[in-house]
Each structure stands twice: as structure tokens, then as C-alpha cells.
Amino acid sequence: MSAFGLFESLPNATRAQIAKLRAVHTDKAGRQATHPMTTDLSGRTGLNVNRHFTRHVHEDDVAAMEGGRESAETLMRSLFEHIVEYGAAHSLRVHWTPDLVVMWDERTTQHAGVHDYAGHRREMHRVLISDRT
């Protein structure tokens, strides 16, 4: 689903709030990184939060929030709920067939695999392209 659509469908007050915040993300190996809660690309803003890797609002940003930790936790819950609700109406479900190729932009898409291929071989090649040198 589109990270742009996710952000653009949020209330204006929420968009303004998260545009200034950072979140802590943890990968499957347990490594942590801090990222902005939004990403700007090509003049559009996308939501950079997801239930799989985003853990919490960065501590420095929590301290500056009215309502502190409780407000930060409420905000994260509401963002996760928004992703589920938006995704129910705006997701693409790929039904794999031989030789099908699917591509997406990691920077602007929220995606999750459905492991429904038991008994079949899955082959995936990941290519990262950057405009940064």
C-alpha cells in the first residue's frame, strides 16, 4: 500500500505532529535505528511507520510531546490502526503465477509477504537502487 496515501489520509493535526517526530525501528536481527516518522520524496510525504519494525517514538521527541509517554503510545497505536484500516481498502494482493515479476519502491510502499506457498519453491531477488552517490 502507498505510504503517500497513508500519510495523506491522516487528519491534518496528526500529519503536522508526526512530521516533526522520529521513531525507533528494530530489524529482525535486533539492530535499532532512528528514522523520521515521515519520508519526503518527489514533493510528497509518506508515512514511515509500520507495526513490524517501528517500536516507539524516540525518547527525545517523547520528552517534548504534551502528554509525554502516554501521548506517544496513543499516537503509535492510532497510526498502527490507521495502517490496518487504510490497508483493508487500499492493498494489492498478488497471486503468484510462474514467471510473474513484481516490483515496488521500498521508500514509498508498505508491504508484507503472505506465506501461502507451502510446498513450492520461492525465489526472490532483491535489487536496491539509490540516487545517492
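Predicted model: local features only at pLDDT ≥ 70, side-chain atom pairs only at ≥ 80, totals over all residues.
Helices (H or I, at least four residues) and strands (E, at least two) are DSSP runs, numbered from the N terminus. Three strands form an open sheet in the order β2-β1-β5, with antiparallel pairing. Its edge strands, β2 (32-36) and β5 (54-57), each pair on one side only. From one strand to the next, the twist averages 30°; axes here are lines fitted to C-alpha atoms, for helices over the stretch in contact, and angles run from 0 to 180 degrees between N-to-C directions. Strand β1 (residues 22-26) is joined to β5 by three bridges, where pairing requires DSSP to find at least two bridges between two strands.

**The core**

A nonpolar core is a set of buried Ala, Val, Leu, Ile, Met, Phe, Trp, Tyr and Cys residues joined through side-chain atoms within 4.5 Å. Buried means under 20% relative accessible area, exposed over 50%, and partly exposed in between (1.4 Å probe, protein chains only). The largest such core here has 19 residues, and those with the most contacts inside it include Ile-18, Met-37, Val-57 and Leu-79. Helices α1 (3-8) and α4 (68-90) each supply at least two of its residues, and the largest share, seven residues, comes from α4.

Contact means heavy atoms within 4.5 Å. Leaving out residues up to four places away in sequence, Val-57 touches Arg-22, Ala-23, Met-37, Val-62, Met-65, Arg-69, Ala-72 and Met-76.

The table excludes neighbours up to four places away in sequence from the contacts.

| Residue | Relative accessible area | Contacts |
|---|---|---|
| Ala-72 | 1% | Val-57, Val-62, Met-65 |
| His-82 | 14% | Leu-6, Ser-9, Leu-10, Gly-87 |

Why does His-82 count as buried? Because its relative accessible area is 14%, and the cut-off is under 20%. A polar atom of the His-82 side chain lies 3.0 Å from the backbone oxygen of Leu-6. As for Ala-72, its C-alpha atom is separated by 9.5 Å from that of Glu-59, 13 residues apart along the chain.

Terms used: Residues numbered from 1 in each chain as written. Heavy atoms only, no water. Polar contact = N/O pair within 3.5 Å; in protein donor to acceptor, adjacent residues only side chain to side chain.
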